[in-house]
Amino acid sequence: MDVTIKKEGTKTMVTLQGRLDTTNADLFQQDIAELMQDEHPNIEFDCTDMEYTSSQGLRLFLMLQKRVNAKKGSLVLRHMRPQVKEVFDITGFSNIFKIED
Amino acid sequence: MVKKLFNPIKDKSGEIIEFLMSSPDIPADSSIQFKIRLSIEETVENVVNYAYQDGVGWMEVSTDLDDKGLQLTITLKDAGTPFNPLEREDPDLTLPAEERPIGGLGIFLCKQFMDKVSYSYENGCNVLTLQKNIA
């Protein structure tokens with residue numbers, strides 16, 4: 001999976017491309033760790049080209065959301081594909097995350 | 001039907017998943033493939049990471065279609081510590097982010113995406129069977 005992180009003013013834009021799974025979750029964890037450094041998190045993910053996530057990806061998203069909540073920041077996941085959205089729905093993550101088009 | 005023994009399995013999750021996903025028994029439909037891939041990943045990961053305390057051990061995996069081509073069966077077998085992943089309690093999906101534990105969703109997702117998941121301990125081996133109707 002390819003992860004691109006860009007700062008746009010106070011906002012951090014993250015673009016995900018490909019499959020987020022057991023073979024690359026460690027690398028994604030490093031990216032998440034970087035995002036978790038932010039004292040005033042205002043993060044937007046573009047999930048247009050995110051093809052897949054397993055529970056390995058979910059746990060990292062949850063870690064980030066917990067951190068963002070603790071810092072009273074903002075995290076939005078945009079343009080999620082239906083199959084990925086289904087994984088978020090089934091696990092109740094759709095109620096935890098702000099998912100928008 | 002395809003079957004393969006992986007030994008050792010340490011750090012082989014990716015290879016084992018791709019072996020199963022490349023089986024001719026796996027349907028071409030991408031939406032079903034998504035569910036099968038996820039279910040395979042969650043269960044293979046469990047075995048590779050937790051079945052053997054010293055991390056060294058084997059795993060035999062197979063796919064099979066019934067005669068009518070309507071039901072896919074995926075079987076994972078290992079000789080690690082006896083462990084029934086299906087005994088784990090389902091996660092509480094109503095909790096807010098702060099109270100949700102990190103992890104514990106893999107087997108739950110597998111159970112949701114497959115039509116039947118069963119476990120048995122036979123001749124010193126853990127046998128986990130995933131079944132999906134693909135009609």
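Two strands count as paired if DSSP finds at least two bridges between them. Strands (E, at least two residues) and helices (H or I, at least four) are DSSP runs, numbered from the N terminus. This is a predicted model, in which local features need pLDDT of at least 70 and side-chain atom pairs count only at pLDDT 80 or more, while totals for chains, interfaces and linings use all residues. Residues are numbered from 1 along each chain as its sequence is written, chains are lettered from A in the order in which they are written, and side-chain values use heavy atoms, with hydrogens and water left out.

**Stop 1: the S2–S3 hairpin of chain B**

Select residues 71–78 of chain B, which are strand S3, together with S2(B); the two pair in the antiparallel sense over 7 bridges. Leu65(B) has Leu72(B) in S3(B) as its bridge partner. Between the strands of this hairpin lie 5 residues, and Gly69(B) takes a positive phi near 70°.

**Stop 2**

**Stop 2**

Show the 5 strands of the open sheet in chain B, ordered S1-S2-S3-S5-S4 with antiparallel pairing. Strand S1 (2–6) and strand S4 (116–122) of chain B are at the edges with a single partner strand each, so one side of each has no neighbour in the sheet. Neighbouring strands are turned by 15° against each other on average, direction ignored; the axes are lines fitted to C-alpha atoms, and angles run from 0 to 180 degrees between N-to-C directions.

**Stop 3: the interface with chain A**

Show both chains. With contact taken as heavy atoms within 4.5 Å, 27 residues of chain A touch 28 residues of chain B. The area buried between the chains is about 2100 Å², 62% of it from carbon and sulfur atoms; buried area is the accessible area (1.4 Å probe) that two parts lose on being put together, summed over both. On the chain A side, select Tyr52(A), Gln83(A) and Ile90(A), which lose the most area to chain B, together 26% of what that side buries.

Which residue of chain A meets Glu18(B) in a salt bridge? Select Arg19(A): the N to O distance is 3.7 Å. The rule, a side-chain nitrogen of Lys or Arg within 4 Å of a carboxyl oxygen of Asp or Glu, finds 2 salt bridges across this interface.
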